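I opened a new notebook page for this one. Below is what I looked up, entry by entry.

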Amino acid sequence: MTSTPTTAAVLTPAARGAIATVSVQGAEAIALTDRFFTGLGKINVAQASVGRILVGHWQAEEEAVGEELVVAKLADDRVEIHCHGGVQASQRILKHLALVGCEIESWQARTTSEHADAIVAEALLELPQAATSQAALHLLDQANGALSREIETIGNLCQQSNFEVAQQKLEQLLALAPFGTHLTRPWSIVIAGPPNVGKSSLLNKIVGYDRAIVLDMPGTTRDVLHATTALDGWPVQFSDTAGIRVSDDTIEQAGIEKARAVLQTADLAIVMHDATDLRPDELDQSLQQLPSALHVVNKIDLAADVRVPDSREMLTTSAVTGHGVPQLITSIIAHLIPHVPNPHEPFPFTDRQVNGLQALHQQVTLRQVDQVRQTLTQLLKA
Ligand code: GDP
């Protein structure tokens, strides 16, 4: 007798693959599997020892044909069924198991129920969404408990009334929140600038293929074009905007306003200027008005002797020859990720965690001991 039901979940993605895996868990896992499975030599799962892998036949009584598959007995209450990778095969197994009383759940629900530590469960749920292997490695550290341990340490510090160190640790974690939350959501970079300055060409050069149409007619890029790629292993999405138009003598105010609005939603703006049509006062104005943007003077191959203001934020490129593009990429990464966490370093990576840590920081600052305890519990056990 047990109060927790036996459940089945498909662990492999809902797409075509060589093999799909159905996990059955609970007191009835073996008995329910044996309702449909017969191993070679007529051995069933109940008779096999834990750790054995059985090859056999799966068939429901009412069906004319069955399927050859593999069953692994992982524990007395846990079985994995490895069947044909098509979606239909795993769904058929789930249907059979449901008919005999098994509860069907998603892999997400299974992951959450298997882990008492909410942060570890969240890391396991986020991992398949990691856009690059480098992003996955950092999430794996959190799945192995890096953030949970750090939060426990913060809890211990609070218990010892060491609020200042707890506060510092929380500030370090929160400083890494933009990094953590972007591992599954690419950093967004907007390329802005007047028509014909080379926005699409530069985007193509960085991304490495002709994602944007390049024509030498001003105003070709009518809509915002997106291209997702990885820079140095970090996921980024570029948007090439129709952008800022240049009036006869100064950048139009409306253009600046537009760039500002875009900047508010983007993580970084690259503002492009044309080396063959460079106006120093315009550049100065642009640098002053958009100080957090990266300013790039493009077409430098056509105007090698152009005088570019001596500024840390001013780069020169040629979208045709590639000159300056590696430096631009380095600069982009430095802007987006000022500090790359070391291996095993903790950081928050979901909005829930960031909100919780912000609340915790405030409570620690105000020495609200009871609330601190409550928030810590909520953070670790959802
Ligand atoms: P956009 O309107 O800002 O997207 O500009 P495009 O990328 O469409 O480029 C407009 C024209 O300038 C095209 O003919 C490009 O080949 C040319 N172009 C863009 N960048 C450079 C560059 O760095 N050097 C040279 N020589 N031509 C460029």
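**Entry 1: a hairpin and its neighbours**

I began with a hairpin, in which two residues connect β5 to β6. I kept in mind that this is a predicted model. Strand β5 covers residues 67-75 and runs antiparallel to β6, with five bridges between them. I looked for the partner of Val71 and found Ile81 in β6.

Next I checked strand β2, residues 19-25. It is antiparallel to β6, residues 78-84, and seven bridges join the two. Here Val22 is the residue opposite Ile81.

**Entry 2: the whole chain**

I then stepped back to the totals. The protein chain has 14 helices and 13 strands. It has 382 residues, and 47% of them count as buried.

How far does the predictor trust the chain? The average pLDDT is 87, and 88% of the residues score at least 70. Residues 217-222 fall below 50; this stretch has twelve contacts in the model beyond near neighbours in sequence. Residues 244-252 are also below 50, with 28 contacts counted in that way.

**Entry 3: the six-stranded sheet**

I traced an open sheet of six strands. Their order is β9-β10-β8-β11-β12-β13, and the pairing is mixed. Which strands stand at the edges? They are β9 (225-231) and β13 (314-316). Each has a single partner strand, so one side of each lacks a neighbour in the sheet. On average, neighbouring strands are turned by 25 degrees against each other, direction ignored.

I picked one pair inside this order. Strand β11, residues 268-274, and strand β12, residues 294-298, pair in the parallel sense over five bridges. Asp274 has Asn298 of β12 opposite.

I also checked what lies on the sheet. Helix α9, residues 199-207, lies across β8, β9, β10 and β11. It runs at about 160 degrees to β10.

**Entry 4: Trp187**

I followed Trp187, which sits in strand β8. Is Trp187 buried or exposed? Its relative accessibility is 2%; the cut-off for buried is under 20%, so Trp187 counts as buried. I listed what it touches beyond four places in sequence: among them are Pro178, Phe179, His182, Trp234, Asp267 and Leu336. Thr228 is 41 residues from Trp187 in sequence, and the two C-alpha atoms are 9.4 Å apart.

I took helix α14 (residues 369-380) first. It has twelve residues and reaches 17 Å from first C-alpha to last, close to the 16 Å expected. Its buried residues are Val372, Thr375, Leu376, Leu379 and Leu380. Why do these count as one side of α14? They cover an arc of only 120 degrees around the axis, which puts them on the same side. The general rule is that an α-helix has 3.6 residues a turn, so residues three or four places apart point the same way.

What covers the buried residues of α14? The cover includes α4 (118-126), α6 (146-159) and α13 (351-365). The face turned away from the buried side carries the exposed residues Asp370, Gln374 and Gln378.

Helix α2 (residues 87-99) came next. Its 13 residues should span 18 Å, and its end C-alpha atoms are 19 Å apart, which agrees. I wrote down its buried residues: Ala89, Ser90, Arg92, Ile93, Leu94, His96 and Leu97. Just after α2, Gly101 has a positive phi of about 105 degrees.

**Entry 5: positive phi without glycine**

I looked up two residues other than glycine with positive phi. Lys299 has a phi of about 65 degrees and lies in the loop between β12 and β13. His344 has a phi near 70 degrees. I found His344 in the loop between α12 (325-336) and α13. With 59% relative accessibility, His344 counts as exposed.

Key:
Residues numbered from 1 in each chain as written. Predicted model: local features only at pLDDT ≥ 70, side-chain atom pairs only at ≥ 80, totals over all residues. Heavy atoms only, no water. Pairing = 2+ DSSP bridges. Helix = DSSP H or I, 4+ residues; strand = E, 2+ residues; numbered from the N terminus. Axes fitted to C-alpha atoms, helices over the stretch in contact; angles between N-to-C directions. Contact = heavy atoms within 4.5 Å. Expected span 1.5 Å × (residues − 1). Buried < 20%, exposed > 50% of the residue type's maximum accessible area, 1.4 Å probe, protein only. Arc of directions from axis to C-beta. pLDDT = per-residue confidence, 0-100.
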